[in-house]
Structures are given as structure tokens and as C-alpha cells.
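Trainee: I'd like to learn how to read helices and pockets in a protein. Could you walk me through it?

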Amino acid sequence: MLLLAAALLAVPCELAPVFEAELGRAGAAAMRAELAAQIHRESSWRPRARSRYASGLAQFTPPTWSDIAPLTVPPCDGADPTDPGCAIRAQIVYMRRLLARYRFDRDRWEFAWAAYNGGPGWIGREKSRCRREPGCDPRRWTGHVERHCIRAAWACAENRAYPAKVGGLVPLYREGGCR
């Protein structure tokens, strides 16, 4: 059953060359499954996907796109987040920044995914709240910082579920290939 699910969750063949090229350009092949799972969760691999606040494969909000797009190589600052190559390139840059920010945390991928989904400023405030509670380890996501959401209930529900949902897809993308 797992092999069947893995085949069903492969990168779409029409986007696989772009995805693999961007991973190669950025030297990010080791993050392939994590990034693929995240795109799956964000847009189900639909380049023109739009939500209430974001757009594109990697679902960038306009302010985040404006911050990250100029940092890509080559720069995507003149492009739209619905451009698959630029969206993947920007996702790699942003995730690397977030992973570096949480490099000393035990659950660094979970923190990075939560920050990608809800904003690193919120995660920082929630880590501070955790620090003030006896027994809460601000370097751990699961069972610690995740219990200290200080946003609207709908935002908390979405953001707290996001790392587990993306993380649950990662093993299904380890096989590689396309569909």
C-alpha cells in the first residue's frame, strides 16, 4: 500500500524537470522529499493555485514574495509566484532561511514549516510564551511550542496541523520519479 501511495504522490511529470532543475541549481537535492511534500500540501502541484491570502505552487503571500523573490538566483523579483520555477526557487530560499533560523531547535523542520505557514514572527512570540511556562521547552515543537498559539482560533488550527500534515507526506515522496 505504501508503494502505491508513493506512486500517487510523485511530482507531476510536467513539473518534474523544473522541480529537479531548481533543486540541482540550489544544491537542495537532500531536501527533495520535504519540499515536494510541502508543495503538495500548499497547492497540490497546481502552479496557478490561489487561496485567500496566497498564490502559486508554493502559496506565497504578496509580502513574503516581495521579500524572498529578489533573493533567488537568478532573481525572480520581476516574476509572479505562479511561475513554477520561481516559486520553487523562492521556496528553497525561504525554507533554507527558516531552517537556519531554527538550526538549534530539536524539531527544526516542524518549526520551519510552521513559520512558513504562519509567519516566523508568530512562532517567535509563541516560543517566548513557552519559555515562561515551567516544563515547556522552546526548542521543541511537538507537545511544547505548538501548545502556545496566540492567534485567532482558525489560524491556530491551521498552523498547528500544518507541520504534521506536511511531515506525513514526506515519506511518500522519498521514492522520487514523476506521475
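Mentor: Helices (H or I, at least four residues) and strands (E, at least two) are DSSP runs, numbered from the N terminus. The expected span of a helix is 1.5 Å times one less than its number of residues. This is a predicted model, where local features need pLDDT of at least 70 and side-chain atom pairs pLDDT 80 or more, while totals for chains, interfaces and linings use all residues. Residues are numbered from 1 along each chain as its sequence is written, and side-chain values use heavy atoms, with hydrogens and water left out.

Trainee: How many residues does α7 have, and what does it reach from its first C-alpha to its last?

Mentor: α7 has 12 residues and reaches 16 Å, close to the 16 Å expected at 1.5 Å a residue.

Trainee: Which residues of α7 are buried?

Mentor: Buried means under 20% relative accessible area, exposed over 50%, and partly exposed in between, with a 1.4 Å probe and protein chains only. In α7, the buried ones are Pro120, Ile123, Glu126, Lys127 and Cys130.

Trainee: Why do they line one face of the helix?

Mentor: An α-helix has 3.6 residues a turn, so residues three or four places apart point the same way. Looking down the axis of α7, the buried residues fall within an arc of 120°, so they line one face. That arc is taken from the directions from the helix axis to the C-beta atoms. Those buried residues pack against α5, α6 and α8, with contact meaning heavy atoms within 4.5 Å.

Trainee: What about loops? Is Asp105 buried or exposed?

Mentor: Asp105 sits in the loop between α5 and α6. It counts as buried, because its relative accessibility is 9%. Leaving out residues up to four places away in sequence, Asp105 touches Phe111, Lys127, Pro138 and Arg139.

Trainee: And how do I read a pocket?

Mentor: On a 1 Å grid over the protein atoms alone, a pocket is an open set of points where a 1.4 Å probe fits, with protein on both sides within 12 Å along at least five of seven lines; lining residues have an atom within 4 Å of a point. Points are joined across faces, edges and corners, and the volume is the space filled by probe spheres set on them. Here the largest pocket holds about 710 Å³. Its lining has 28 residues, with Tyr53, Thr61, Asn117, Gly118 and Glu158 nearest the centre.

Trainee: Which helix gives the most to that lining?

Mentor: α8 does, with 5 residues.
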